[in-house]
Amino acid sequence: MSKKNPEYDFAWCPGCGDFGVRRAVEFALTDRLKETEEIIENTVVVAGIGCSGNLVHLLEDPQPFGLHGIHGRSLPIAFGVKMANPDLNVITVAGDGDFLSIGMEHIAPQATRNLDICSVVMDNGVYGLTKGQSSPTTDYGVKTTSTPYGKIEDKIHPLKYYLTIGASFIASGYSSKPRDLAKLIQAGMEHPGFAVVHVQSPCTTYNDTYEILKGNAKKGVPGLMYDIPEEYDRTDRLAAEELINSPGIPVGIIYEDKTRPSLTAETNRITESVKSRDVAQLLSDYDF
Amino acid sequence: MSKRQDFVVRFAGEGGQGVVTASEALARIASEVGYHSLTFATFPSQIMGGPTYTQARISTEPVLSPGDELNVLVALNEEAYETHKNELSKDGIVLYDSSFQPSGNEKSIGMPFDDLAKEAGDARTANMVMMGALASLVQMPEKYLKDFIEKRFLSRGQEIVDANFRAIDFGIEKAAESAFNLGELEEPNPPDYKQSMMKGNDAISLGAIKAGLNFYVGYPISPATTILLYMERNLVQDGKFVYQASSEIESINAILGGGYAGKKSMTATAGPGFSLMSEGLGLAWMSEVPLVVVDVQRGGPATGLPTKTEQSDLFSAINPAHGDVSLPVIAPGNIEECFTAGVMSLNWAERYQGPVILLTEMSLAERVQNIRKPDLDSVKVENRIVYEGNNGYLRYDGFELSPMPIPGRPGSYIANGSEHDSMGDTTHLPSRHIQMTERRFSKLDLLRNGDFEEENDNSSIVLMPWGGSKGSVREAYNQLRDSGLDIGWLYTMYLNPLPEDLLVKLRTKDLVIVPELNFQGQFSSILRSYGVKAKSITQYTGLPFKVGDLVSSINDLINQTNKAVIN
């Protein structure tokens, strides 16, 4: 939406991390336009359902194409959009519930195909829009509206999951640092393969984790997040495993493999090697 | 004795015994010399073993149905014989494998198919022993068979050809020893037009490709898998994309992404996969994205009868998703129509910018038939109206179809599955839901001009089949008319929305008889909702209608209705 649209009746709560993610997406797209000869309409933002998916409506000028689909299916839709026109810059925006619960089945196929898109995941550890239910990234034992006696499932570890299934680009970011996050998103968009940018994007209403993430020196809270050291080798898979198995949440690019061909490259390879036949030739197979 | 004009052979045995290839080979041999042929197949849902049978009908006239009674039953084992012997015609002959002895006193001829094949020099020629015997029973010249063998196998060496020739001779000799015969089959009357021989799923694939299909994503499921395999092999070209998805949920959402990005996109599935596509189909309707889903019906619900035929997905084809939807449905009735439906389903999707269901069925998917070769030059291909202007476009403005922007060019908007305003932003305003709902339904008016068939229009009673039951019902219609019954014929493959002129005619009739392969009488129930006096003749066996059963059911239904009127 290019300016305030009186008919659009959704708003994020004050302090929502998704504001920062939106800024970061805008910065990343603006920078991309500056650095490439693309027009903004060459970008398609495929959104999941939830607070996070509304990002597609809240982007300020300039306007990319958008597709606000159904719950959990941003990846298969993005798969279709990208392979229909590999020249498009395709990104998905979705939350932890959409991406990692109902949409979980779609992540591994894109990773194994190395689909050339960038997925921005806004993780707030809770279902916000349906008012505070537990999500796959809610901690064990936490009481939510759907776990009134405490959550009895372990939470999943998204970064470990992405690495295990073979995502060729994995970054971890934070919504309150939109400039830094924009760099991660831009790197994800430029990456020739499946890129996931997993963002800590707290929910001020149901799961306010700002202090846990950032820390609070006055209260002696250490903070879970830390910047990945500069000497870290992000092409080293074993180093990536070690990094994400260590305590805390590293921020930065965790893993990057530019050597694997993307799905686009693979399909081009097949197309070039197969002699295509027109419909008259195909029909003649059935002559007698 | 007048010559025979048609004969029906059933091959029954176990999966993996070549039962399918036998009937297809017979159909091909016959068609190549100018007969008309049609096969029917029903499989066990396993790769090897399990009782299976196929049927081939050969005729001097175009064939409409697989045939009610068997002139020959080729029984490869005792179970096959026991299961199928009751469907033999009075003068029918059993051709059995001499590994068992038939219990009944039908005319029967035993021979060791496999041993004779080995003796001929190639264990794979057992089918040709059968062909030789069959040809002998209807005095079909052996030259027909041998020409076919040469054409088919010469490239693989003279040895293979010779082995097949010997196998044919063995079959002819064995059948001749018995002195049974079925009467001479009349000389073929070859059509004066070019022909093709193909299955329904091939015809759909070719029709879709002719209409410009350039994006296909599908997931394996019987009996739709052959379309995926066809596309994987042939839709490989610059600017085209084909892929095997990880699930039907991925298929539908991927082709939605493709359709949104400007492609002519399609997937094919069967009942269980179709159910999984519900939400995605609703999204396509809501966001106005062209795409085609082929539903090859099998017995349902749930896993149902994966390898049997049924016409029980009509309700869900029209109304697959929650909320106010009415999806366009095209249901072909024979192989020629499968080709046309492949073309028209894509044309419709482009024309009205939304999802279209091509509703076919197992009996068409696996049927091999000689058809008039589709005339590619006469096919009219339609393309969506594309938005060519600048930014600031209101994609969903107004109450009617509007040009569609394509990503990568100016005209950005948000294709939205939530109710939306004219630029695609989510809104809950009542006035918008009214506008958009009416807009979506108004686009169906672009599709009410489909073709339909009509005969004996003056009769107040009409037969109106749909889908793959068309052929059997047509044969029944011909018999009823020959017997002097005053009954009309109406038929279309455009089931939703129905052609406007057809609906006008239907409403004037006193009785519209709808034979259909489901329990609920789905199509007649829909017709009644339009104010048509429709009644169904239903069957839910997993098998197609038999013509004889239809003739008596139709007579019964007319008599009952007449009584009801008199009372």
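My entries follow, starting with the ground rules.

**Ground rules.** I am working from a predicted model, where local features need pLDDT of at least 70, side-chain atom pairs count only at pLDDT 80 or more, and totals for chains, interfaces and linings use all residues. Residues are numbered from 1 along each chain as its sequence is written, and chains are lettered from A and ligands numbered from 1 in the order in which they are written.

**Confidence.** I checked pLDDT, the predictor's confidence in each residue from 0 to 100. Chain B averages 95, with 99% of its residues at 70 or more. For the complex, the predictor gives an ipTM of 0.97 and a pTM of 0.97.

**Chain A against chain B.** I counted contacts (C-beta atoms, placed from the backbone, within 7 Å). On that basis 47 residues of chain A touch 56 residues of chain B. I use DSSP runs for elements, numbered from the N terminus: helices are H or I with at least four residues, strands E with at least two. On the chain A side, α2 (55-58), β2 (65-68), α3 (74-84), α10 (263-273) and α11 (279-284) each supply at least two residues. α3(A) gives the most, with eight residues. I sorted this side into 26 nonpolar, 13 polar and eight charged residues. (Nonpolar is Ala, Val, Leu, Ile, Met, Phe, Trp, Tyr, Cys and Pro; charged is Asp, Glu, Lys and Arg; the others, Gly among them, are polar.)

I also found strands pairing between the chains (a pair needs at least two DSSP bridges). β2(A) runs parallel to β15(B) (residues 414-416) over three bridges. There, His68(A) stands opposite Asn416(B).

**Helices around α4(B).** I took axes as lines fitted to C-alpha atoms, for helices over the stretch in contact, with angles from 0 to 180 degrees between N-to-C directions. α4(B) (residues 126-137) and α6(B) (residues 158-178) have axes that come within 7 Å and cross at roughly 45°. That makes α4(B) oblique to α6(B). (Under 35 degrees is roughly parallel, over 145 roughly antiparallel, 65 to 115 roughly perpendicular, the rest oblique.) This contact has 13 nonpolar, four polar and two charged residues.

Next I looked at α1(B) (residues 19-32), whose axis comes within 10 Å of that of α4(B), crossing at roughly 50°. These two helices are therefore oblique to each other as well. Thr21(B), Ala22(B), Ala25(B), Leu26(B) and Ile29(B) of α1(B) meet Asn127(B), Met130(B), Met131(B) and Leu134(B) of α4(B). By class I get seven nonpolar, two polar and no charged residues.

**A sheet in chain B.** I traced an open sheet of five strands, order β16-β18-β17-β20-β21 (chain B), with mixed pairing. β16 (453-455) and β21 (534-538) of chain B are the edge strands, each pairing on one side only. Neighbouring strands are turned by 25° against each other on average, direction ignored. β16(B) pairs antiparallel with β18(B) (residues 488-491) over three bridges, and Glu454(B) stands opposite Leu490(B). Last, I noted α18(B) (residues 522-529) lying across β20 (511-516) and β21 of chain B, at about 150° to β20(B).

Technical notes
Contact = placed C-beta atoms within 7 Å.
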